[in-house]
Amino acid sequence: MGHGGNVIEELTADHREVDALFEKMNGLPTADPKRRELADRLTLELVRHSVAEEEYLYPAVRRYVDGGDDLADKELADHAEVERMLRELESCRPVDDRFDTLLAHLKTSVASHVQDEENRLFPLLADACPATALDELGERIRSVKKAAPTRPHPSAPDSPPANKILAPGASMVDHLRELLTGRGHPS
Ligand SMILES: [Fe+2]
């Protein structure tokens, strides 16, 4: 399943991309400098995915699914926990033991989020929400994705939006979130 479908297909495709990033990182030796790059990429993808879910998926869950408020609140708490780990990962060097410990915890936490959504939340929403609304939400998420930064770090030369927002010492997670949510909803 790739990108281009309704909100559930779109977010499921994100999940597979994140799975692939974890796999890539696990396959690299500790000292490989690509691990930092992949950790930053993972941070960008996870923050972007979380913002998309918060702005488009959970409001629909709250609106259409019985008990949707509780389901959405649980997912929001999971996102906060993932971002706490991402902030810590950001400050670790890939050769630190803590980097691998955090990466393992992050992988477990993200896998649990993915299972929860794909096995429980997505089927409930698919049953309760009109197909046209699911399609429209998929389109809106893709619009936001097109406008999102393509690189997570300020040192990347071809990422003007990130360059503008990231101050020295600032958290990449918080600034990505600010940038993504600050864009508002696409018209
Ligand atoms: Fe998700």
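This is a predicted model: local features need pLDDT of at least 70, side-chain atom pairs count only at pLDDT 80 or more; totals for chains, interfaces and linings use all residues.

Mentor: Residues are numbered from 1 along each chain as its sequence is written, and side-chain values use heavy atoms, with hydrogens and water left out.

Arg35 sits in helix α2, which covers residues 34–64 (a DSSP run of H or I, at least four residues, numbered from the N terminus). Its side chain makes a polar contact of 2.9 Å with the side chain of Asp100 (N or O atoms within 3.5 Å, one able to donate a hydrogen and the other to accept it, with sequence neighbours counted only if both atoms are side-chain atoms). Asp100 is also one of the residues that Arg35 touches once those up to four places away in sequence are set aside, the others being Met25, Leu28, Pro29, Thr30, Pro94 and Phe99 (contact means heavy atoms within 4.5 Å).

Met25 leads us onward, for Leu42 is in contact with Met25 as well, along with Val18, Leu21, Phe22, Leu103 and Leu106, leaving aside neighbours within four places in sequence. Leu42, Leu106 and Val110 have the most contacts inside the largest nonpolar core, a set of 27 residues (buried Ala, Val, Leu, Ile, Met, Phe, Trp, Tyr and Cys joined through side-chain atoms within 4.5 Å). At least two residues of this core come from each of α1, α2, α3 (68–90), α4 and α7 (172–182), and α2 gives the most, with seven. Apart from this core lies another, of 21 residues, among them Tyr56, Phe122, Cys129 and Ile141.

One further site remains, the iron ion, whose protein donors are His15 (NE2), His49 (NE2), Glu53 (OE), His113 (NE2) and Glu117 (OE), at 2.0 to 2.3 Å from it (N, O and S atoms within 2.8 Å of the metal, or 3.2 Å for Na, K and Ca). His15 belongs to helix α1 (residues 7–26) and Glu117 to helix α4 (residues 97–128), so this pair ties together parts that are 102 residues apart in sequence.

Definitions and conventions. Buried means under 20% relative accessible area, exposed over 50%, partly exposed in between (1.4 Å probe, protein chains only).
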